[in-house]
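Student: I have a model open and would like to go through its architecture with you. Shall we begin with the terms?

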Amino acid sequence: MIRKKSEQLFSEALKYIPGGVNSPVRAFRAVGGNPFFVSRAEGARLFDVDGNEYIDYVGTWGPAILGHSNPIIKKAIYDATENGTSFGMPNPFEVRMAKLICENVPSVEKVRMCNSGTEACMSAIRLARGFTKREKIIKFDGCYHGHADSLLVKAGSGALTFGNPDSAGVPSSFTEHTIVLPFNDKDAVSAAFNANPGRIAGIILEPVPGNAGVYLPEPGYLEFLRMITQENGALLIFDEVMTGFRLSFGGAQQRFGIKPDISCFGKIIGGGLPVGAFGGRAEIMDCLAPVGPVYQAGTLSGNPLAMAAGIAALEQLQNGKAYDRLEELGKALEDGMKSVVKSLKIDAQFNRCGSMFCCYFTSKPVKNLSDAMTSDRSQFAKFFNGLLDEGIFIAPSQFESGFISTAHTFKDIEKTIAVAEKVLKTII
Ligand code: KE4
């Protein structure tokens, strides 16, 4: 594929933007080559500035569950701009959004809007510490909760991609209260509570980790975390920035039947505009300013355009039909990929939960970060570039999730499987 205009734009971008990108994972550092620049996105397609077309499985990292340029979301944004773009005072959209989340996410009685998933997770941690008056937080290696200092410890996503899961610039004193454990390991959690009696404020996790690829909680694991936090007076925090309204309209917590104490959101609830939110039991949320002593704020929190876009997205998802389609498309992709891997006798694992998926190049089933790390990343890079040259765009890192949208068709899935087979034949 010719990407001359993208190359020109990238060399210009490098003069003014670190790495030429505004978020590291876009830089293609893990897979080689340079990023393409998008001129337009429509449905399940991205179009770059050189006119190349891609079937898109990144979906702007999760928000585009209804595909790109969804007409109802776009109209909601246009209509909202008629009345201004930001008011600095409450607006009716914020109430509608809060109601939608509280009425449809099992554990959420009250919710606070913010502007990113990072803010949501950072604020949820502060709230858990304020509510319990304890300092320590348990997180799991490979899980990514945004780039707040205390959570950039053995983090996933771009931090893992670039091999700096413990970022520079974060003093050890900022992370001394962060306990990092392997995911899906009950004994490690029990040991941490035994070693820190009365000092753990909470556990934060991605209920289905999507920032080291995709792997699933073992049966009973989430129930165990719910029980052990309750037993120890600690809070269970589900980071549903990626899984919220993705794995069901009530998120992973509804899919798995678990009620966490605090939940974090982002991505889908903004309809593609900047957004974050965190919510939970009223007695916990009322510890937040201006009611309680835990401070949290944001100039653009509850922004009318982002709220209007998010409401338009959620209202299209609310009848649940989208999730049936996403499950059918996801199953078709999984079945096709698994049969290709089997017929070519390749060491590869295809993990999926609903419309989130990942292909690892390892013979080992992937159930946690250390399993994911056994994947052959040079194979992944060849797979990524082979697909890209054939017009299929998956995440440019082994340690990310792929996303299917309702705009994808079974024809797209068939094409993807056929191209994957062709590419795999050339790289094995
Ligand atoms: P943001 O601050 O990027 O809005 O959200 C941080 C975040 C928190 N929690 C989870 C589970 C997340 O997946 C994320 C962000 N996801 C990454 C993709 N894996 C965003 C992509 C990027 O960093 O450019």
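Tutor: Two strands pair if DSSP finds at least two bridges between them. Helices (H or I, at least four residues) and strands (E, at least two) are DSSP runs, numbered from the N terminus. This is a predicted model, in which local features need pLDDT of at least 70, side-chain atom pairs count only at pLDDT 80 or more, and totals for chains, interfaces and linings use all residues. Residues are numbered from 1 along each chain as its sequence is written, and side-chain values use heavy atoms, with hydrogens and water left out.

Student: In strand 2, which residue is the bridge partner of Arg40?

Tutor: Strand 1 and strand 2 (residues 45–48) run antiparallel, joined by 4 bridges. Val38 has Asp48 as its bridge partner in strand 2. For Arg40, the partner in strand 2 is Phe47.

Student: Which residue takes a positive phi in the hairpin of strand 1 and strand 2?

Tutor: The hairpin has 2 residues between the strands. Phi is near 60° at one residue there, Gly43.

Student: Which strands stand at the edges of the open sheet?

Tutor: The open sheet has 4 strands in the order 1-2-3-13, with mixed pairing. Each edge strand has a single partner strand, so one side of each is left without a neighbour in the sheet. The edges are strand 1 (38–42) and strand 13 (392–393).

Student: How far apart do the C-alpha centres of domain 1 and domain 2 lie?

Tutor: The bounds come from an automatic or database domain assignment. Domain 1 covers 4–69 + 320–427, and domain 2 covers 71–317. Their C-alpha centres are separated by 25 Å.

Student: Which three residues supply 22% of the area that domain 1 buries against domain 2?

Tutor: Buried area is the accessible area (1.4 Å probe) that two parts lose on being put together, summed over both. The two domains bury about 2,900 Å² between them, 65% of it on carbon and sulfur atoms. On the domain 1 side, 22% comes from three residues, more than from any other three: Tyr323, Met356 and Leu369.

Student: How many residues of domain 2 are in contact with domain 1?

Tutor: Contact means heavy atoms within 4.5 Å. Domain 1 brings 37 residues to the interface. On the domain 2 side, the number is 36.

Student: How close are the N and O atoms in the salt bridge of Glu218 with Lys367?

Tutor: A salt bridge is a side-chain nitrogen of Lys or Arg within 4 Å of a carboxyl oxygen of Asp or Glu. The count between domain 1 and domain 2 is 2. For Glu218 and Lys367, the closest N and O atoms are apart by 3.9 Å.

Student: What separates Lys75 and Asp79 along helix 2?

Tutor: Lys75 forms a salt bridge with Asp79, with the closest N and O atoms 2.5 Å apart. Both lie in helix 2 (residues 71–81), 4 residues apart. The separation is therefore about one helical turn.

Student: Where is the cis peptide bond, and what is its omega?

Tutor: Look at the loop between helix 10 (282–285) and helix 11 (304–317), which holds Pro290. The bond runs from Ala289 to Pro290, with omega near 5°.

Student: In which loop is Lys133 found?

Tutor: Lys133 has phi near 55°, a positive value in a residue other than glycine. Its place is the loop between helix 4 (117–132) and strand 5 (136–140).
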